[in-house]
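Welcome! Please take a moment to turn the model around on your screen, and then let us walk through it together.

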Amino acid sequence: MPPANSEKKKKKRVKKNKKKAKDEDFDEAAGIVQKLKQRYQNKKEESEIVKDPIISNGKIVHPTRYLSIIERGQRAQQSRLQAPDPPENLIETKWICALCQRYSCSDNLGDLFGPYYIELDNTKPVPTFLLADDVTISKTEKSSIACFLHGRCALWSENLYFFGGKFSKLDERLYKYWDTLCELCKERGASINYKENLHSHFYCLYILGYKFDNSNLRITANPNAEIII
Ligand SMILES: [Zn+2]
Ligand SMILES: [Zn+2]
């Protein structure tokens with residue numbers, strides 16, 4: 001058995017290490033707070049605010065408010081530039097979910113994400129339900145459409161994965177869903193295989209009381225829903 005004071009030393013060391021880790025955590029958090037302050041807290045001291053344009057050392061000094069408007073405009077321009085370029089021959093589509101065909105924020109479905117550009121496959125049926133009215137598609141030329149998805153519709157879709165900032169094989173997956181009729185509403189775009197050989201939209205299952213557990217990505221049937229199906 002080790003002597004009692006060695007045990008004490010050990011405890012002290014553990015305590016010291018814990019304190020060190022705590023200090024490091026604190027320093028890290030303080031660093032993050034500092035960075036966030038630098039980035040977002042652009043409140044200026046009263047003395048720094050320029051209300052009206054002045055001329056100082058022969059140069060015009062614009063009002064602070066004017067400069068912040070210009071800066072905001074530049075930032076908006078920059079984020080617009082970072083959006084993907086639309087492909088050539090882009091066919092006009094409706095701003096609806098490419099799966100459940102509902103609008104943004106309808107029935108608690110949340111925002112629509114996108115656009116995700118999909119090149120149409122001339123050998124497969126055209127997803128006409130997504131196209132704007134009076135649009136015709138050439139079967140010989142290449143064309144693309146802009147697709148949008150509700151977050152929840154995408155999250156629960158079978159074999160659809162978001163990785164590295166994009167959905168992998170989205171075109172292939174969408175064609176598969178567009179080829180599948182929903183067991184409940186009979187519309188295309190059914191992406192959830194909720195029962196053997198039966199597919200549905202997220203929305204259609206949700207209104208039937210199906211439970212969607214995000215923590216383990218499990219769908220549980222509402223016992224009363226069986227009668228309706
Ligand atoms: Zn949807
Ligand atoms: Zn449906």
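Let us begin with contacts: in the protein chain, 57% of those with a separation of 6 or more are between residues 24 or more positions apart. Two residues are in contact if their C-beta atoms, placed from the backbone, lie within 7 Å.

Before going further, here is how to read the model. This is a predicted model, in which local features need pLDDT of at least 70 and side-chain atom pairs count only at pLDDT 80 or more, while totals for chains, interfaces and linings use all residues. Residues are numbered from 1 along each chain as its sequence is written, and chains are lettered from A and ligands numbered from 1 in the order in which they are written. The score pLDDT is the predictor's confidence in each residue, from 0 to 100. For the protein chain its mean is 83, with 82% of the residues at 70 or more. Confidence is highest in α4, at a mean of 96, and lowest in helix α6 (residues 225-228), at 49.

Which order do the strands of the open sheet follow? The three strands are arranged β3-β5-β4, with mixed pairing. Two strands pair if DSSP finds at least two bridges between them. At the edges are β3 and β4, each of which pairs on one side only. Helix α4 packs on this sheet, where it touches β4 and β5, and its direction makes about 95 degrees with that of β4. Such angles run from 0 to 180 degrees between N-to-C directions, and the axes are lines fitted to C-alpha atoms, for helices over the stretch in contact.

Look at the pairings one by one. β3 (residues 90-91) and β5 are parallel, with two bridges, and L90 stands opposite S144 of β5. β4 and β5 run antiparallel and are joined by six bridges. There, F113 has L149 as its bridge partner in β5, and Y116 has C147.

Next, what is hidden inside? A residue is buried if 20 or more other C-beta atoms lie within 10 Å of its own, exposed if 12 or fewer, and partly exposed in between, with C-beta atoms placed from the backbone. Buried residues make up 17% of the 229 residues in the protein chain. Strand β5 is mostly covered, with five of its seven residues buried. In α4, the buried residues include L174, Y177 and W178. Seen down the axis of α4, its buried residues fall within an arc of 95 degrees, so they line one face of the helix; the arc is that of the directions from the helix axis to the C-beta atoms. Among the elements covering them are β4 and β5.

These pieces meet again in the largest nonpolar core, where C97, A98, L149, C153 and F202 touch the most other members out of 30 residues. A nonpolar core is a set of buried Ala, Val, Leu, Ile, Met, Phe, Trp, Tyr and Cys residues joined through C-beta atoms within 7 Å. Helix α5 gives the most to this core, with five residues. Leaving aside neighbours within four places in sequence, L149 is in contact with C97, A98, L99, L112, F113, G114 and A154.

Finally, visit L198 in strand β9 (residues 198-200). L198 counts as partly exposed because it has 13 C-beta neighbours inside 10 Å.

Terms used: Helices (H or I, at least four residues) and strands (E, at least two) are DSSP runs, numbered from the N terminus.
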